[in-house]
Amino acid sequence: VNDECITAFNDLKLSRKYRYVVYRLSDDLKSIIIDKAVPQCASYDDFVTELPVDDCRYAVYDFEYEKAPGEGKRNKIIFIAW
């Protein structure tokens, strides 16, 4: 795993800099690198349309939801193997 991948994940997790980060295999198939890191203003639909039809990807998505009415918003980080 490339060091930039870890940095991007920590930026998503700790500072909420990204809505999602998509990773891919490098061209030489020896390491995992960042394909895209997208800011918080993106939606889930944006995320889904960015995934390729015929290639593998790994992604982390910062999922925001409301637990119950009046209890506020929560976040969960989801790992996706595509």
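Visitor: Which residue is the bridge partner of Tyr-20 in β3?

Guide: The model is a predicted one. In it, β1 and strand β3 (residues 58–66) pair in the antiparallel sense, with four bridges between them. Within β3, the residue bridged to Tyr-20 is Tyr-61.

Visitor: Which residue in β2 is the bridge partner of Tyr-23?

Guide: Strands β1 (residues 18–25) and β2 (residues 32–39) run antiparallel and are joined by seven bridges. Their hairpin has six residues between the strands, and Leu-29 takes a positive phi near 60° there. In β2, the partner of Tyr-23 is Ile-34.

Visitor: Which are the edge strands of the sheet?

Guide: The sheet is open, its four strands pair in antiparallel fashion, and their order is β2-β1-β3-β4. A strand at the edge pairs on one side only, and this holds for β2 and β4 (73–81).

Visitor: What angle does the direction of helix α1 make with that of β1?

Guide: From one strand to the next, the twist of the sheet averages 20°. Helix α1 (residues 3–14) packs on this sheet and touches β1, β2, β3 and β4. Its direction and that of β1 make an angle of about 160°.

Visitor: Is Asp-62 buried or exposed?

Guide: Asp-62 lies in strand β3. Its side chain makes polar contacts with the side chains of Arg-16, at 3.4 Å, and Gln-40, at 3.2 Å. Among the other residues that Asp-62 touches are Leu-12, Tyr-18 and Ile-77. Because its relative accessibility is 0%, and the cut-off is under 20%, Asp-62 counts as buried.

Conventions: Residues numbered from 1 in each chain as written. Predicted model: local features only at pLDDT ≥ 70, side-chain atom pairs only at ≥ 80, totals over all residues. Heavy atoms only, no water. Pairing = 2+ DSSP bridges. Helix = DSSP H or I, 4+ residues; strand = E, 2+ residues; numbered from the N terminus. Axes fitted to C-alpha atoms, helices over the stretch in contact; angles between N-to-C directions. Contact = heavy atoms within 4.5 Å. Buried < 20%, exposed > 50% of the residue type's maximum accessible area, 1.4 Å probe, protein only. Polar contact = N/O pair within 3.5 Å; in protein donor to acceptor, adjacent residues only side chain to side chain. Lists of a residue's contacts leave out its neighbours within four places in sequence.
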